[in-house]
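Please keep the sequence and the three-dimensional view at hand while reading.

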Amino acid sequence: MSGQTAAQAMVAATARLRAAGVPDPARDARLLLAHAARIEASRVTLIAPEDLALDIAERYDQLIALRAVRVPVSHLLGEREFYGRRFKVSGEVLDPRPETEILIEAALSAPFERVLDLGTGSGCILVTLLAERPEATGVGVDLSEAACLQASANAVLHRVADRADICASDWFAQVAGRFDLIVSNPPYIALAEMPDLAPEVIEHEPQMALTDGGDGLGAYRRIAAGAPDHLRPGGRLMVEIGPTQALAVSQLFEAAGLSGVRVIPDLDGRDRVVAAILPE
């Protein structure tokens with residue numbers, strides 16, 4: 001790829017990614033060129049007419065080769081943007097996704113002082129909520145030690161580590177006390193649906209963050225069972241769901257004695273969050 005201008009390299013990379021079946025190949029080619037050249041993506045146009053230095057060309061070639069075999073862009077960049085902040089990510093945690101911002105908006109719609117994030121992963125939900133509410137404190141738990149380390153790093157990165165307690169726990173097992181707000185984006189894909197996922201997801205994201213190995217409702221059963229003992233009276237429970245799960249999750253919450261159950265859609269109009277309250 002040497003002896004090319006940045007623009008020529010980007011055109012060739014786009015063609016290579018398109019041939020590999022990568023969605024939005026031009027965008028990825030641009031982002032990865034910026035990463036290879038160690039510049040902001042907005043500056044790629046400025047270097048387009050210039051010849052690519054050999055070291056940048058080699059780095060770019062390697063990144064494009066990895067993207068062509070469907071390694072997620074976020075893993076190649078080592079970060080992903082979420083709710084206006086950049087979070088460090090890896091193959092050990094679920095990538096923060098834009099639709100999870102619906103859960104953030106819902107959580108921020110009422111005050112809270114103490115929050116629990118179940119299955120914290122990268123920590124993007126807990127860290128964002130604490131960053132947006134400087135007076136709040138919180139706990140994040142995950143079964144994966146690697147995820148706890150990643151979440152702790154993101155808590156440090158966004159200067160909320162002194163207000164965040166992150167530890168390994170199987171749902172509520174290691175959690176003490178009561179909270180104003182419990183949030184979770186648990187594994188909700190049914191085992192039977194796993195083969196339909198994109199290669200980026202199925203091959204490069206941790207399986208335990210995607211599926212419960214059953215009908216996709218296992219996590220919600222655990223959360224519904226434990227939430228009443230860990231919510232303060234009047235406290236809120238909010239979970240992200242798959243678009244077909246609103247009724248089943250709502251029924252689980254009602255059966256657990258929670259009230260005011262409501263379903264919040266995402267920007268595409270699909271059911272995305274189920275929220276409930278512990279009666280006072």
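Leaving aside neighbours within four places in sequence, Val 249 is in contact (heavy atoms within 4.5 Å) with Leu 217, Tyr 220, Val 239, Ile 241 and Val 274. The model is a predicted one, in which local features need pLDDT of at least 70 and side-chain atom pairs count only at pLDDT 80 or more, while totals for chains, interfaces and linings use all residues. Residues are numbered from 1 along each chain as its sequence is written, and side-chain values use heavy atoms, with hydrogens and water left out.

**The nonpolar cores**

Val 249 belongs to the largest nonpolar core, which has 32 residues. Such a core is a set of buried Ala, Val, Leu, Ile, Met, Phe, Trp, Tyr and Cys residues joined through side-chain atoms within 4.5 Å. Buried means under 20% relative accessible area, exposed means over 50%, and partly exposed lies in between, with a 1.4 Å probe and protein chains only. In soluble globular proteins, nonpolar side chains tend to be buried together.

Together with Val 249, the residues Leu 116, Leu 118, Ile 182, Leu 237, Val 239 and Phe 253 touch the most other members of the largest core. At least two core residues are supplied by each of strand 3 (114-118), strand 4 (137-142), strand 6, helix 11, strand 7, helix 12 (246-255) and strand 9. Helix 11 gives the largest share, 5 residues. Helices (H or I, at least four residues) and strands (E, at least two) are DSSP runs, numbered from the N terminus. Another core, of 30 residues, lies apart from this one and includes Tyr 83, Leu 130, Ile 166 and Ala 275.

**The sheet and its helices**

In what order do the 7 strands of the open sheet stand? The order is 5-4-3-6-7-9-8, and the pairing is mixed. Strand 5 (164-168) and strand 8 (259-265) are at the edges with a single partner strand each, so one side of each has no neighbour in the sheet. On average, neighbouring strands of the sheet are turned by 15° against each other, direction ignored. Two strands pair if DSSP finds at least two bridges between them. Strands of a sheet pair through backbone hydrogen bonds, either parallel or antiparallel.

Strand 7 (residues 231-240) and strand 9 (residues 271-277) run antiparallel and are joined by 5 bridges. Within this pair, Met 238 has Ala 275 of strand 9 as its bridge partner.

Helix 6 (residues 101-108) lies across strand 6 (179-184), strand 7, strand 8 and strand 9, and runs at about 160° to strand 7. Helix 11 (residues 218-230) lies across strand 3, strand 6 and strand 7, also at about 160° to strand 7. For these angles, axes are lines fitted to C-alpha atoms, for helices over the stretch in contact, and angles run from 0 to 180 degrees between N-to-C directions.

**A hairpin and positive phi values**

Strand 1 (residues 79-82) and strand 2 (residues 85-88) run antiparallel, joined by 4 bridges. They form a hairpin with 2 residues between them, and Tyr 83 in the turn has a positive phi of about 50°. Phe 82 has Arg 85, in strand 2, as its bridge partner. Most residues other than glycine have a negative phi, and most peptide bonds are trans. Positive values also occur at Arg 159, with phi near 60°, and at Trp 171, with phi near 55°. Arg 159 is found in the loop between helix 8 (145-157) and strand 5, whereas Trp 171 is in the loop between strand 5 and strand 6.

**Accessibility of selected residues**

The table lists relative accessibility for several residues.

| Residue | Relative accessibility | Class |
|---|---|---|
| Ser 122 | 2% | buried |
| Gly 121 | 11% | buried |
| Trp 171 | 15% | buried |
| Asp 165 | 44% | partly exposed |
| Arg 159 | 73% | exposed |

Ser 122 lies in the loop between strand 3 and helix 7. Gly 121 is placed in the loop between strand 3 and helix 7. Asp 165 is found in strand 5. Its C-alpha is 4.7 Å from that of Val 139, although Asp 165 and Val 139 are 26 residues apart in sequence.
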